[in-house]
Amino acid sequence: MRITRTLATPLLGLAVALGITPHTAQAAMVGPGDMSFYNPPQVTAGAPGDLTWYRQTTVDLGSSAVTRHAWNVVYRSTDARGNSNLVTGTILTPESPWQGAGERPVISYAVGTHGLAQRCAPSLQMANGTDYENANIVAALQAGYTVLVSDNPGYTTGDTPTYMSGAAQGHAVLDIVRAARQLPDSGVSDHSRVAVWGYSQGGQTSARAGELQPDYAPDVDLVAVASGGTPADFFDTANYLNASTGSSFLLQAVIGLAQQYPQGIPLDSLANAHGKTEIARVKADQCVFDTLFDYMNKDIAEYTVGNQSLAQLTSIPSVHDTLEDQALGGEKMPVPIYQYHGTADEFIPLEQHLALKKKYCRKFSNVTFGVYPSEHIVTQFQAAPTVLAWLNDRMAGKFTLGTCVTLKPKPTANANPGGGDFVVTLDQWPLDANIHLATLNQDVKLPDDASFTADTNMTAGTLNGDLTVPDFSTKLNILLPLDVKLSVVPSSSTSGNASLDNQGQLHVHGQAFANITVKSAGFGFLQIPFGCQTESPVAFPVNFDGPISALGAGNLTFTGTTSFPRMKSCGLFNSLFTTLMSGPGQQYSFNVSPPAPTTW
């Protein structure tokens, strides 16, 4: 074995090179630089959060990431049954000084579903530049926080991840804070203010961590929790997922909970031969987007002995009790919590998360609930700026009243029906568009109330949508600076291809067509009507290849260059308008982003 880090102690390097695993460790050691880092020393004594070993590392978070220090860590934690375990993770801290008061605060970022194969671990995904949650991690680093990313129990250590075991995950995101304190130069201390933030699986993790913190980690200075897209009730969530778009998450949850609770969910006796084959396949080499499409709309009965239905499975006392143990809301949240959910969520039902808010409020928790107008993946990334702004205020000690007392109507779910194709609907998303007229060398900005509506069918790989652009006025220098009233009217639907690949990359390739009309021109209210328009529709190619996070983060932008046809119906000014507005080299930029959230 080759030790690649110069910081490794000679003794440890010799021991590892000889294949000798130390049985005890008095202090954290520097680990090797290769994959043997994930085969750590067997430490027989210690406390939750003890750092076993660590190493400096590099991570690829994309071109927008701030300069930062990064370490991989192996640390002790506690599983859901009270047993000691080892968990791996990554610690990131910006190189730039903290600009706020006091010490640099910490966000323990609870990841969402990554898949059950060992290669899916966040630490490995970040090293490869393929982690689909990079955008949120980068946003937290840009806000100045030290960011701790636990891999969750079972990853990289050769075990099966105990996926959706809330207590084990909650312990892990708290214990990585303790581990970070022992890491030289991390800047994390006993006095560091800490928030836990997570979405989907991470929403369950962060909420459970908040509930557990007073008894499990009172030494962690927890000041806030952010929990989005949260599966708070496993019975409701399982029924919502089964035989639907997100059925892969149900299969993975069964596998993960059976790993943590083998007596509660005896998988070997419940799974039929087909089920055992599929379970082995999911565990062997599938990450989140592999399983999402491969197991879409599958009924759990396909995998069970005697084709037992979900209702039959959950009525088994040990299975029922295991799922019941995962429920959130049994304890008061000790710090302010920001819950949030998309009304069009096709994976996690909105109603059960609203019920969790009521549970927390009845226990006099300080709850703010954010309501987003989009589906699951979009909401995950759209919410980041709001979440971070809310966390910034909590870190600064600002008071929040919360929204437990509200006169607003209860949010209503409007998700696409399950059981069919995976369709992401963009319902009147704001369109920020600009067209640069080449000959005039002037920009025409479309009105603020322009919008884009579309269905992106990720299963069929199709895009079908429409632009809506109200008539508007702009300034154009046509011989003189004139007030020109323009009309941009789609001539047909925006159509093309849309797909999501197994690396979490979104691909959109299509075209929008619109007729452009100069309705009038003049000075202020003194307008001369024209009705001058392009002889044929203008084609605007809409092409995008980038991370799925762009869809929610407001970074879905289509840019390009097109040609405007000749103008017609301009009367005596036909040649003039054709000369000034037609021809190649017309540049455009169309950005579509989700509508703004509200609170409840």
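Modeller: Leaving aside the neighbours within four places in sequence, Ala301 is in contact with Asn307, Gln308 and Ser309; as this is a predicted model, these contacts are computed from predicted coordinates. Ala301 sits in the loop between helix H10 (288-294) and helix H11 (310-314), and its relative accessibility is 14%, so Ala301 counts as buried, the limit being under 20%. Thr534 gives a sense of the distances across the chain: Ala301 and Thr534 are 233 residues apart in sequence, and their C-alpha atoms are 58 Å apart in space.

The chain has 17 helices and 24 strands. Its radius of gyration is 27 Å, close to the 25 Å that the globule rule gives for 600 residues, and therefore the chain is as compact as a globular protein of that length. Buried residues, Ala301 being one of them, make up 56% of the 600 residues. Among the contacts with a separation of 6 or more, 73% are between residues 24 or more positions apart. The chain exposes about 23,600 Å², of which carbon and sulfur atoms supply 54%.

Turning to charge, the chain has 32 positive and 48 negative side chains, and the centres of these two sets lie 4 Å apart. The structure holds 15 salt bridges, and three of these pairs can be followed here in detail.

One of them joins Asp432 and Lys445, with the closest N and O atoms 3.5 Å apart. Asp432 belongs to strand E11 (residues 423-437) and Lys445 to strand E12 (residues 442-445), so this pair ties together parts that are 13 residues apart in sequence. Asp432 has a relative accessible area of 42% and is partly exposed, and Lys445, at 44% relative accessibility, also counts as partly exposed.

Another salt bridge is formed by Asp471 and Lys519, whose closest N and O atoms are 2.9 Å apart. Asp471 lies in the loop between strand E14 (462-468) and strand E15 (472-478), whereas Lys519 is in strand E18 (residues 505-523), so the pair ties together parts that are 48 residues apart in sequence. For Asp471 the relative accessible area is 36%, which makes it partly exposed, and Lys519 counts as partly exposed at 35%.

Salt bridges that share partners join Asp175, Arg178, Arg181, Asp190 and Asp219 into one network. Within this group, Asp219 forms a salt bridge with Arg181, the closest N and O atoms being 2.9 Å apart. Because Asp219 lies in the loop between helix H5 (201-216) and strand E8 (222-228) while Arg181 lies in helix H4 (residues 166-181), the pair ties together parts that are 38 residues apart in sequence. Asp219 itself counts as partly exposed, at 33% relative accessibility.

Key:
Residues are numbered from 1 along each chain as its sequence is written. This is a predicted model: local features need pLDDT of at least 70, side-chain atom pairs count only at pLDDT 80 or more; totals for chains, interfaces and linings use all residues. Side-chain values use heavy atoms; hydrogens and water are left out. A salt bridge is a side-chain nitrogen of Lys or Arg within 4 Å of a carboxyl oxygen of Asp or Glu. Helices (H or I, at least four residues) and strands (E, at least two) are DSSP runs, numbered from the N terminus. Buried means under 20% relative accessible area, exposed over 50%, partly exposed in between (1.4 Å probe, protein chains only). The radius of gyration is taken over C-alpha atoms; the globule rule is 2.2 Å times the number of residues to the power 0.38. Contact means heavy atoms within 4.5 Å. Accessible areas come from the Shrake-Rupley method with a 1.4 Å probe; for residues, only the protein chains shown count as cover. Lys and Arg count as positive and Asp and Glu as negative; His and the chain ends are not counted. The place of a charge is taken as NZ of Lys, CZ of Arg, CG of Asp or CD of Glu.
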